[in-house]
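Reader: I am new to this structure. Could you please show me how to read its features, one at a time?

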Amino acid sequence: MTDATAARLRPASRPSLWDRIGQGRNALGLIFMLPAAVFLLLFLTYPLGLGVWLGFTDTRIGRAGVFIGLENYEMLLTDHVFLLSVFNTILYTVVASILKFALGLWLALILNEHLPFKAFFRAIVLLPWVVPTVLSAIAFWWIYDAQFSIISWALIKLGWIDAPINFLGDSTNARASVIAANVWRGIPFVAISLLAGLQTIPPSLNEAATLDGATSWQRFRHITLPMLSPIIAVVMTFSVLFTFTDFQLIYVLTRGGPLNATHLMATLSFQRAIPGGQLGEGAAIAVAMIPFLLGAILFSYFGLQRRKWQQGGAD
Amino acid sequence: MTISRRDMLLGTAGLAAAGAAGGLVTPAFAQAAPKYTPEKGASLRLLRWSPFVKGDEDQWIANSKKFTEKTGVEVRIDKESWEDIRPKAAVAANVGSGPDIMLVWFDDAHQYPDKLLDVSELANDLGKRYGGWYPGLEGYAKRDGKFIGLPLAAIGNAICYRESAMKEAGWSAFPTKTDDFLELCKALKAKGKPAGFAHGKAVGDGNNYAHWILWSHGAQMVDEKGKVVINSPETIKALNYARELYKTFIPGTESWLDVNNNRAFLAGEISLTANGVSLYYAAKNDPKLADMAKDIKTAQLPIGPVGKAVELHQTTSAVVFKYTKYPKAAMAYLQFMWEQDQMQAWIKESSAYCCQPLKAFANNPVWTSDPNHAPYAKASETLRPNGYAGPLGYASAATMADYVVVDMVAEAATGQRTPEEAAKRAEQRANRYYRV
């Protein structure tokens, strides 16, 4: 028997505090939200706040720091390794995201057609996404090995090249190689999400357009793309965020080498903070990623999502 | 290195009459040692790095068991991958709870010296009775005249090469000077059996090689006061040498991490590299590589213009945290583990991977059991602390963790920058950590 029914059985008494809480909409709502709020505060707000705070201190592992204002950031601005890592991160994110979007959309469009063994292919496409990142990174590590690369081996056997390709040893090659690995891993997410979006487009629109004599390019340009754009915005926001904060792939493949040519802000932050013991500086590097991430989010929301029809207007 | 009679007499001054005559350490000396009686109901937790050779772990556990049998103190041994030791130890020191004893790397102990138990009494006694600590190892464990840790071992690094390739290149004995070494590498390259050293972010191999380049030419990161002096004519000379040497390497060493040289060597792609003894054992323990194992020889890294062998190697020490509830038990445990019977057995079972911290243990049979072990026996002797000649601490640790020396050598060697530019950049980077 609940308290509420118990209260009804005692008509003479005034509703107790508990009853009022139990029946009041606002109080009950607050109570139901409390676990989520505590969870967010404890596991998101607090660590984030702590990270931001650490960025303003000279904390080292094993020693609490003192507030030093913007000194970490001033030091970073004159640190060419940090500046290089910012450049690398932006290059990595921009190139990988564009490739992932283009290839992912292409793949989604193909999978949306009537193919034999459609379900099988859709499942296969997900594989790179399902494999744990570290495992696929180790596989790529072998693929890119300076001596034992399967690609080099195959090309040498074919007689196309004489010496193994220096995948991870040359700055340009190394950047291209890690981007390729990241793209391979990220395509399924984009492709499957966009495929889901494609399937929500009513076939009647395409049929009507076909009857009106629209070419397939026109149908793609004026039906598919506009209908898909909200999904694209969300998917690409996530994709950019994942890429920007990538760590495992780089750490396994190069640790930021050769000569820091593939050091991302995330890997540099770790290198400085944990093995280097400079928690404050590491935190400052991590915090320095936030403006970029916010920028990416704002861009996708305001740039890609502002469509009239999304706000209930006609299109 | 053998212990001189003088060392022995000094070390055992009070007991000289008791039997120093043979110069051997007999149980009689143990009586001079400080006595630690474990607290009642004591138990210990030790966190160590995951062993590289199985014998090391087995013997360590066996020794600990003996301690438990003798004293009734349970010792729980946990292990962590070696790269995780540094943050774990720092956090334990900071938070004030965790394992009682930890085996840590390099200058870790200097990052939180006030959180560590002073083990000077024990260390001085061990030093006295066993011929003294090797200075390099001692430097890592001592701060302001006090031992904040007990030196445990140097993980040696040495040249591993294929004898057949060397002979084919026209050399009958392995060169001991850097100039001759360069000639050998050139000849090896001409024969299509090049050398290869890690120029990538290889924590162990990369740092060992880069520091050897630097130190063998008399260059150093900082002076005694911690002032950065890397941008020096010696460094330029060292980097020019590295550049010449790099030209003889197999392509792709810029991307090499710690295992790449092992892989390339075992596959026969390179005929010369530097590594721990594990490389030799990888070939020896593989029946398919029996022929190669017979062809593998080891040698000390060549001596440069500085005129003596100086190398980084890897170092590990044992530290006791001040927060331990059973400091006496911890001291008793360390004392027991470092005594001749246990320590010698452990060094032996570590198959030349771990080089003794005390000079008296240099006669360990492991060093003569295989000629290939001999170069590794010198590790403790040639070892020079990281961040030489400055003080150890945050700056030295952070400079190594940021690969400042590795990057400098790689930049200059690969021709990405001139030696002058590379040295200047290293100076800037090091100054960020060594700033006052």
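This is a predicted model: local features need pLDDT of at least 70, side-chain atom pairs count only at pLDDT 80 or more; totals for chains, interfaces and linings use all residues.

Reader: How many bridges join S7(B) to S8(B)?

Author: Two strands (DSSP runs of E, at least two residues) pair if DSSP finds at least two bridges between them. Here four bridges join S7 (residues 158-162) of chain B to S8(B), and the two run antiparallel.

Reader: In what order do the strands of the open sheet lie?

Author: The order of the three strands in chain B is S8-S7-S9, with antiparallel pairing. S8 (272-275) and S9 (296-299) of chain B are the edge strands, each pairing on one side only. From one strand to the next, the twist averages 30°.

Reader: What describes two packed helices?

Author: The description consists of the angle between their axes and the distance between the axes. In chain B, helices (DSSP runs of H or I, at least four residues) H20 (residues 404-413) and H21 (residues 419-434) pack at about 165°, their axes 8 Å apart. Axes are lines fitted to C-alpha atoms, for helices over the stretch in contact, and angles run from 0 to 180 degrees between N-to-C directions. H20(B) and H21(B) are therefore roughly antiparallel (angle over 145 degrees) to each other.

Terms used
Residues are numbered from 1 along each chain as its sequence is written. Chains are lettered from A and ligands numbered from 1 in the order in which they are written. Angles under 35 degrees count as roughly parallel, over 145 as roughly antiparallel, 65 to 115 as roughly perpendicular and the rest as oblique.
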